[in-house]
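Q: I'm new to this one and would like to go through it piece by piece. Could you show it to me, please?

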Amino acid sequence: MLKDITFGQYFPGNSFLHKLDPRVKILSVILLIVWIFMANHILSYALLLVTCFAMIFMAKLPFKTVFRSIKGIILILLITALINLFMTKGQGSPLLDYGPFTIYEEGIWRAVKMFLRITILLVMTSVVLTYTTSPIALTDGIERLLSPLAVMHVPVHDFAMMMSIALRFIPTLIEETDKIMSAQKARGADFTSGGIVKRVKALLPVLIPLFISAFRRAEELATAMECRCYRGGTGRTRMKILKLHISDGVFLGALILLGVGVILVNAYAGAIVGF
């Protein structure tokens with residue numbers, strides 16, 4: 001299941017989203033997060049889901065590849081939904097009242113809402129940002145957006161480099177964890193049976209080599225950067241200069257219109273549809 005998590009990977013391509021300026025894609029992710037948490041009507045989430053599928057189509061990515069990353073967090077999604085389902089108190093009579101379990105209509109809606117929020121947020125942000133943006137472009141985009149902070153002597157380039165490296169290390173560490181767990185299972189380790197304490201103890205033989213591998217990879221990366229005479233952002237030039245195009249403005253404008261649509265749906269859909 002761990003190897004199915006694709007968040008943080010970059011899929012080279014020549015699609016519309018691949019050609020967008022990385023600064024626009026970073027701003028788009030921020031806007032998407034705002035719109036997702038502003039949605040409070042079922043039609044608002046339907047609008048966001050349609051946008052989600054449209055972005056996957058524009059990025060020319062296989063739907064199976066994108067959505068299989070959700071398999072890795074399906075347990076977290078279910079636990080979050082169940083917590084909201086049973087812990088939400090409604091105003092009317094409960095739909096189900098059996099011992100400690102009480103379900104209200106508001107609880108069902110909140111559980112569905114949280115499930116959709118996390119799913120859409122994960123898929124949209126990964127498709128727009130990490131799947132279609134190379135590490136170098138992502139670093140340049142973050143650095144250019146944070147460049148005003150350089151006036152206050154903030155190490156903007158170093159911060160941008162650390163963020164991009166951290167994102168790209170996610171699939172690497174997931175792959176390494178899967179290999180270590182497979183090796184431990186071949187030696188007779190059991191990660192599925194027993195109580196939660198036993199399962200946590202069974203993970204210790206995985207965490208120790210994982211930390212060692214992570215530090216080793218970090219050291220190898222630092223050595224490789226030093227061998228290539230990397231000295232930070234001082235005096236550093238770029239092979240490709242970031243330039244905004246009409247397509248960038250169109251995409252950003254479309255996302256702003258999406259936010260306006262979410263606001264209008266929240267305000268008027270209930271009166272029109274009746275729920």
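Q: Which residues are buried in helix H7?
A: In this predicted model, the buried residues of helix H7, which spans residues 135-145, are Leu138, Thr139, Asp140, Gly141, Ile142 and Glu143. Buried means under 20% relative accessible area, exposed means over 50% and partly exposed is in between, using a 1.4 Å probe and protein chains only; helices are DSSP runs of H or I with at least four residues, numbered from the N terminus.

Q: And what do those buried residues pack against?
A: They pack against helix H2 (22-38), helix H6 (105-130) and helix H8 (156-186), where contact means heavy atoms within 4.5 Å.

Q: OK, new topic: how many residues are in the largest nonpolar core?
A: That core has 36 residues, and those with the most contacts inside it are Leu48, Met55 and Val127; a nonpolar core is a set of buried Ala, Val, Leu, Ile, Met, Phe, Trp, Tyr and Cys residues joined through side-chain atoms within 4.5 Å. H6 gives the most to this core, with eight residues.

Q: What does Val127 touch?
A: Not counting residues up to four places away in sequence, Val127 touches Leu17, Met55, Ile56, Ala59, Leu61, Val66 and Thr132.

Q: What is the nearest side chain of opposite charge?
A: For Asp248 it is Arg23, 6.7 Å away, where Lys and Arg count as positive and Asp and Glu as negative, while His and the chain ends are not counted. Arg23 has its place in helix H2 and is buried, with a relative accessible area of 13%.

Q: Which residues is Arg23 in contact with?
A: Leaving aside neighbours within four places in sequence, Arg23 is in contact with Gly141, Arg144, Leu145, Leu242, Lys243 and Leu244. Lys243 is also among the residues that Asp248 touches.

Note on methods
Residues are numbered from 1 along each chain as its sequence is written. This is a predicted model: local features need pLDDT of at least 70, side-chain atom pairs count only at pLDDT 80 or more; totals for chains, interfaces and linings use all residues. Side-chain values use heavy atoms; hydrogens and water are left out. Helices (H or I, at least four residues) and strands (E, at least two) are DSSP runs, numbered from the N terminus. A salt bridge is a side-chain nitrogen of Lys or Arg within 4 Å of a carboxyl oxygen of Asp or Glu.
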